[in-house]
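Thank you all for coming; I would like to take a few minutes to walk through one model with you. Please have the sequence and the structure open while I talk.

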Amino acid sequence: MENNTIDLDQLTQPLSSNGSITHSIIDRFNTVFNCQWSFRIIEHEVRDSEVIVLGELAVNGAVHQHFGKAVIDFNSDPTGSPSMADYLMKAADDALVQCAYAFGISQKSETSDTKKKQSDNPEPQQPPAEPS
């Protein structure tokens with residue numbers, strides 16, 4: 001019999017800040033769900049200055065759909081003809097990230113800088129009560 005228990009602590013812990021967020025999400029889903037998940041593009045549209053996709057992430061019968069987009073930079077290619085495949089991939093990555101957030105993947109990794117800022121800014125103190 002297969003164990004379908006999900007370790008929510010492992011799923012929702014902050015992502016590693018090393019490398020791309022897309023690769024971190026894929027690694028996390030492969031680990032937590034034993035590679036038993038899928039992502040697909042439902043539809044896509046190329047507009048004048050952006051590419052939009054609707055992605056669908058399915059895990060253990062649960063499904064989340066989200067849009068992703070990429071802004072086309074016509075100045076990045078000297079020919080003035082950017083690769084639409086690259087922009088479709090960027091939009092798909094964005095949709096995957098949005099779907100993963102819906103499944104509980106933490107959006108930010110907690111770095112030492114974040115911890116330092118939190119310790120530098122303690123909870124605000126209540127103003128002293130005025131004497132009666």
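This is a predicted model: local features need pLDDT of at least 70, side-chain atom pairs count only at pLDDT 80 or more; totals for chains, interfaces and linings use all residues.

What percentage of the 132 residues of the protein chain count as buried? The figure is 26%, where buried means under 20% relative accessible area, exposed means over 50%, and partly exposed covers what lies in between, with a 1.4 Å probe and protein chains only. Residues are numbered from 1 along each chain as its sequence is written, and side-chain values use heavy atoms, with hydrogens and water left out.

Let me begin with the overall layout. The protein chain contains four helices and three strands, and along the sequence these follow the order α-α-β-β-β-α-α; here helices (H or I, at least four residues) and strands (E, at least two) are DSSP runs, numbered from the N terminus. If we take contacts, meaning heavy atoms within 4.5 Å, and keep those with a separation of 6 or more, then 49% of them in the protein chain are between residues 24 or more positions apart. The chain exposes about 9500 Å², of which carbon and sulfur atoms supply 48%, with areas taken from the Shrake-Rupley method and a 1.4 Å probe, and with only the protein chains shown counting as cover for residues.

Now to the strands. Strand 1, residues 37–46, runs antiparallel to strand 2 and is joined to it by nine bridges, and the two form a hairpin with three residues between them; strands are said to pair if DSSP finds at least two bridges between them. Within this pairing, Trp37 stands opposite Val59 in strand 2. Strand 2 also pairs with strand 3, again in the antiparallel sense, over ten bridges, and here the hairpin has two residues between its strands, with Asn60 in the turn showing a positive phi of about 50°. Glu50 stands opposite Val71 in strand 3. Strand 2 is mostly covered, since nine of its ten residues are buried.

That brings me to the interior. In soluble globular proteins, nonpolar side chains tend to be buried together. A nonpolar core, as I use the term, is a set of buried Ala, Val, Leu, Ile, Met, Phe, Trp, Tyr and Cys residues joined through side-chain atoms within 4.5 Å. The largest one in this model has 13 residues, and those with the most contacts inside it are Ile25, Phe29, Leu57 and Val59. Helix 2 (21–32), strand 2 (50–59) and helix 3 (84–102) are the elements that give two or more residues to this core, and helix 3 gives the most, with five. Leaving aside residues up to four places away in sequence, Leu57 touches a list of residues that includes Phe29, Trp37, Leu96, Cys99 and Phe103. Apart from this core lies another, of seven residues, among them Val51, Val53, Ala70 and Ala95.

How many aromatic pairs are there? The count comes to three, where rings of Phe, Tyr and Trp (its six-membered ring) pair if their centres lie within 6.5 Å, and planes under 30 degrees apart count as stacked, over 60 as edge-to-face and the rest as tilted. The rings of Phe29 and Phe33 have centres 5.2 Å apart and planes at 40°, so this pair is tilted. Phe29 and Trp37 are likewise a tilted pair, with centres 5.5 Å apart and planes at 55°. Phe29 is buried, at a relative accessible area of 1%, and together Phe29, Phe33, Trp37 and Phe103 form one aromatic cluster.

Finally, the charged side chains. There are four salt bridges, each defined as a side-chain nitrogen of Lys or Arg within 4 Å of a carboxyl oxygen of Asp or Glu. Glu45 and Arg47 meet in one of them at 3.0 Å, N to O, and Arg47 forms another with Glu50, whose closest N and O atoms are 3.5 Å apart. Glu50 is buried, at 17% relative accessible area, whereas Lys69 is partly exposed at 48%. The side chains of Glu50 and Lys69 meet at 3.8 Å, N to O; Glu50 lies in strand 2 and Lys69 in strand 3 (residues 62–71), so the pair ties together parts that are 19 residues apart in sequence. Through shared partners, these salt bridges join Glu45, Arg47, Glu50 and Lys69 into one network.
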